[in-house]
Each structure stands twice: as structure tokens, then as C-alpha cells.
Amino acid sequence: PGETEGCRLLYEWIQSRDLTYTQAGKLLGYPLETISRYVTGARRPDPETMFKLKALADIPMESWLRN
């Protein structure tokens, strides 16, 4: 996973549910490429997406901003 806490938490959420990135993307409403970019830290979710990830995966919005 990427360097931020949000990246790590998303990765852990996916792994703990034994999901593929494609399956996680379907649950969250995003394509595989987007999920992969969030996990690796290549892309940071926008505030609306951070809110959605908080609601669905309990990943705090501020976790995307800290290492």
C-alpha cells in the first residue's frame, strides 16, 4: 500500500474481506484502476469519495492526509 494511513486502511479492508480490487471497486462504485490507485497512493480520493469510504469501509477521511 501507499504511504498514507488511508491507503493502508483501504488495503486492509480489502484483504480482511478476501476481496479482489475488482470486487472492492464494485462494492464501492469505482473501477479496478481507481481502487488500485487509491491503495498504492498514486491518487488521493476527493472529499466526496473520502466520505463514501468512511461510510462503507469506516476509513476516516483525515487518514488520507497523514502518513
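Let me start with a term: a polar contact is a pair of N or O atoms within 3.5 Å; within protein, one has to be able to donate a hydrogen and the other to accept it, and residues adjacent in sequence count only if both atoms are side-chain atoms. With that in hand, look at arginine 44, whose side chain reaches the backbone oxygen of tryptophan 64 at 3.2 Å.

Some housekeeping. This is a predicted model, so local features need pLDDT of at least 70 and side-chain atom pairs count only at pLDDT 80 or more, while totals for chains, interfaces and linings use all residues. Numbering runs from 1 along each chain as its sequence is written, and side-chain values use heavy atoms, with hydrogens and water left out.

Okay, back to arginine 44. You'll find arginine 44 in the loop between H3 and H4; helices here are DSSP runs (H or I, at least four residues), numbered from the N terminus. Arginine 44 is partly exposed, at 49% relative accessible area; buried means under 20%, exposed over 50%, and partly exposed in between, with a 1.4 Å probe and protein chains only. Not counting residues up to four places away in sequence, arginine 44 touches Thr4, Tyr38, Met50, Trp64 and Leu65, where contact means heavy atoms within 4.5 Å. Arginine 44 and leucine 65 are 21 residues apart along the chain, and their C-alpha atoms are separated by 8.7 Å.

Staying with the segment after H4, that's also where serine 63 lies. Is serine 63 buried or exposed? Buried, because the relative accessibility of serine 63 is 0%. Its side chain reaches the backbone oxygen of proline 60 at 2.6 Å. Leave aside the neighbours within four places in sequence, and serine 63 is in contact with Thr4, Glu5, Gly6 and Leu9.

One joins glutamate 5 to arginine 66, with the closest N and O atoms 2.5 Å apart. Glutamate 5 sits in helix H1 and arginine 66 in the segment after H4, so this pair ties together parts that are 61 residues apart in sequence. Glutamate 5 is partly exposed at 23%, and arginine 66 is partly exposed too, at 36%. Lysine 54 and aspartate 58 also form a salt bridge, at 2.8 Å, N to O. Aspartate 58 is exposed at 54%, whereas lysine 54 is partly exposed at 35%.

Now H3, residues 32-40. Its buried residues are Thr34, Ile35, Tyr38 and Val39. They span an arc of only 135 degrees around the axis, which puts them on the same side of H3; that arc is taken from the directions from the helix axis to the C-beta atoms. What do the buried residues of H3 pack against? Helix H1 (5-16), helix H2 (21-28) and helix H4 (47-57). Just after H3, glycine 41 takes a positive phi of about 85 degrees.

Last, helix packing. H2 and H3 pack at an angle of about 100 degrees, axes 8 Å apart. That makes H2 roughly perpendicular to H3, a label for angles of 65 to 115 degrees; under 35 is roughly parallel, over 145 roughly antiparallel, and the rest oblique. Axes are lines fitted to C-alpha atoms, for helices over the stretch in contact, and angles run from 0 to 180 degrees between N-to-C directions. H1 and H2 pack at about 105 degrees with axes 10 Å apart.

Note on methods
Helix = DSSP H or I, 4+ residues; strand = E, 2+ residues; numbered from the N terminus. Salt bridge = Lys/Arg side-chain N within 4 Å of Asp/Glu carboxyl O.
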